[in-house]
Amino acid sequence: MIGRITGKLVLKQPPLLLVDVGGVGYELEAPMSTFYKLPAVGEGVSLHTHLTVREDAHLLFAFGSTTEKALFRELIKISGVGPKLALAILSGVSVEDFWETVRAGDVVRLTKIPGVGRKTAERLVVEMRDKAGGAAAAGVVSAAPAVGTLPLQEARAALAALGYKPAEIQRFTDAVHKDGMSTEQIIQEALKRAVR
């Protein structure tokens, strides 16, 4: 099991990352909550990882904190929640907010995350409520500046990859975008608006 990777960040293209570790490039998929905390391309990075082995692929998922990784592992144990949906959940709500939502039994809020239907949201609340009491609070998320990119276009592409519809993406990004914002800041603000 690959539990952690430390190396140079080569590519940031939500939800994909490429990290060079001693000349070997590792492709990873990460939730937007991890993207917010990444350094600029070319800088060093250390990420917690989870390896999923399937018949047709070995998939490596990356997380900026142990609490994100722990929640990801809990989510993929739930029937009907695979790694892609678990990443979407982590992208749509912070770890702390997720546990608060589960404790409150707020099914409606969970259904606002792309890919989470009512039955899945109800299953999450029922099956994870017992674990919510001991869940650790998540750290504060900070946005990393984008370097030499077109932040609005990248943010819209990332939201599309998360499953939002074009009309929703347009509405969310138009409402939050201001000159000088990084890709991560635009995505973060758009996701806050999406789950209200």
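Visitor: Does Glu 29 count as buried or exposed?

Guide: This is a predicted model, in which local features need pLDDT of at least 70, side-chain atom pairs count only at pLDDT 80 or more, and totals for chains, interfaces and linings use all residues. A residue is buried under 20% relative accessible area, exposed over 50%, and partly exposed in between, with a 1.4 Å probe and protein chains only. Because the relative accessibility of Glu 29 is 11%, Glu 29 counts as buried.

Visitor: In which strand is Glu 29 found?

Guide: Strands (E, at least two residues) and helices (H or I, at least four) are DSSP runs, numbered from the N terminus. The run of residues 24-29 includes Glu 29 and is strand 3.

Visitor: How far apart in space are Glu 29 and Lys 84?

Guide: Leaving aside neighbours within four places in sequence, the residues in contact with Glu 29 (heavy atoms within 4.5 Å) include Leu 60, Leu 87 and Lys 84. In sequence, Glu 29 and Lys 84 are 55 residues apart. From C-alpha to C-alpha, their separation in space is 9.1 Å.

Visitor: How many residues of helix 3 are buried?

Guide: Helix 3 covers residues 83-92 and is largely enclosed by the rest of the structure. Among its buried residues are Leu 85, Ile 89 and Gly 92. Of the ten residues in helix 3, the number buried is eight.

Visitor: At what angle do helix 4 and helix 6 pack?

Guide: Axes are lines fitted to C-alpha atoms, for helices over the stretch in contact, and angles run from 0 to 180 degrees between N-to-C directions. The axes of helix 4 (residues 95-104) and helix 6 (residues 118-132) lie 8 Å apart. The angle between these helices is about 110 degrees.

Visitor: How is helix 4 oriented relative to helix 6?

Guide: Angles under 35 degrees count as roughly parallel, over 145 as roughly antiparallel, 65 to 115 as roughly perpendicular and the rest as oblique. The angle of about 110 degrees therefore makes helix 4, relative to helix 6, roughly perpendicular.

Visitor: What is the radius of gyration of the protein?

Guide: The radius of gyration is taken over C-alpha atoms, and the globule rule is 2.2 Å times the number of residues to the power 0.38. For 196 residues, a compact globule would have a value near 16 Å. The protein agrees with this, because its radius of gyration is 16 Å.

Terms used
Residues are numbered from 1 along each chain as its sequence is written. Side-chain values use heavy atoms; hydrogens and water are left out.
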